Amino acid sequence: MMIGFIVWSLVAVLFLVIGIADRKAEKPVGFWWAKVEELEVTDIRAYNNAVSAIWIVFAIIFELLGLPLLFCEQNDLILFIAVAGVVILIIGIMLAYLKIENKYKSK
């Protein structure tokens, strides 16, 4: 399970790096399949900071959800809880992004 936790942590670091890169971006950053060229926002800096915050919070919570990998055996029920937590977390960041997009999108 230690290898699983290491891989999980590397993925969390990847999301953290995405969040940091988004914060420093000059142009509006994309979140999912939205084409960045088509995305027109009212305040690029605030929009990028908000999207960056989503990724950074996601990375931290994702890492916390992976902590049970250090203490459980393979096929343990706690792993299901961690995976279910990730699903809920992904739905949460989607909803948070939709709120951010509606707030900063040019009308």
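Predicted model: local features only at pLDDT ≥ 70, side-chain atom pairs only at ≥ 80, totals over all residues.
Residues are numbered from 1 along each chain as its sequence is written, and side-chain values use heavy atoms, with hydrogens and water left out.

The secondary structure of the chain comprises three helices and zero strands, where helices (H or I, at least four residues) and strands (E, at least two) are DSSP runs numbered from the N terminus. The pattern along the sequence is α-α-α. The C-alpha trace spans about 50 × 20 × 20 Å along its principal axes. Of the 107 residues, 34% count as buried; buried denotes under 20% relative accessible area, exposed over 50%, and partly exposed in between, with a 1.4 Å probe and protein chains only.

Helix α1 covers residues 2–24 and reaches 33 Å from its first C-alpha to its last, close to the 33 Å expected at 1.5 Å a residue; the expected span is 1.5 Å times one less than the number of residues. Its buried residues are Phe-5, Trp-8, Ser-9, Ala-12, Phe-15, Gly-19 and Asp-22. These pack against α2 (44–66) and α3 (77–104).

How are α2 and α3 placed relative to each other? They pack at an angle of about 175°, with their axes 10 Å apart; axes are lines fitted to C-alpha atoms, for helices over the stretch in contact, and angles run from 0 to 180 degrees between N-to-C directions. The angle therefore makes α2 roughly antiparallel to α3, a term applied to angles over 145 degrees. Residues of α2 including Tyr-47, Val-51 and Trp-55 meet a set in α3 that includes Val-86, Tyr-97 and Ile-100, contact meaning heavy atoms within 4.5 Å.

The largest nonpolar core has 26 residues, among which Tyr-47 and Val-51 touch the most other members. Such a core is a set of buried Ala, Val, Leu, Ile, Met, Phe, Trp, Tyr and Cys residues joined through side-chain atoms within 4.5 Å. Leaving aside neighbours within four places in sequence, Val-51 is in contact with Asp-22, Val-29, Phe-31, Tyr-97 and Ile-100.

Thr-42 lies in the loop between α1 and α2. Thr-42 counts as exposed because its relative accessibility is 56%. Not counting residues up to four places away in sequence, Thr-42 touches Tyr-104, Lys-105 and Ser-106.

Note on methods: Parallel < 35°, antiparallel > 145°, perpendicular 65-115°, else oblique.
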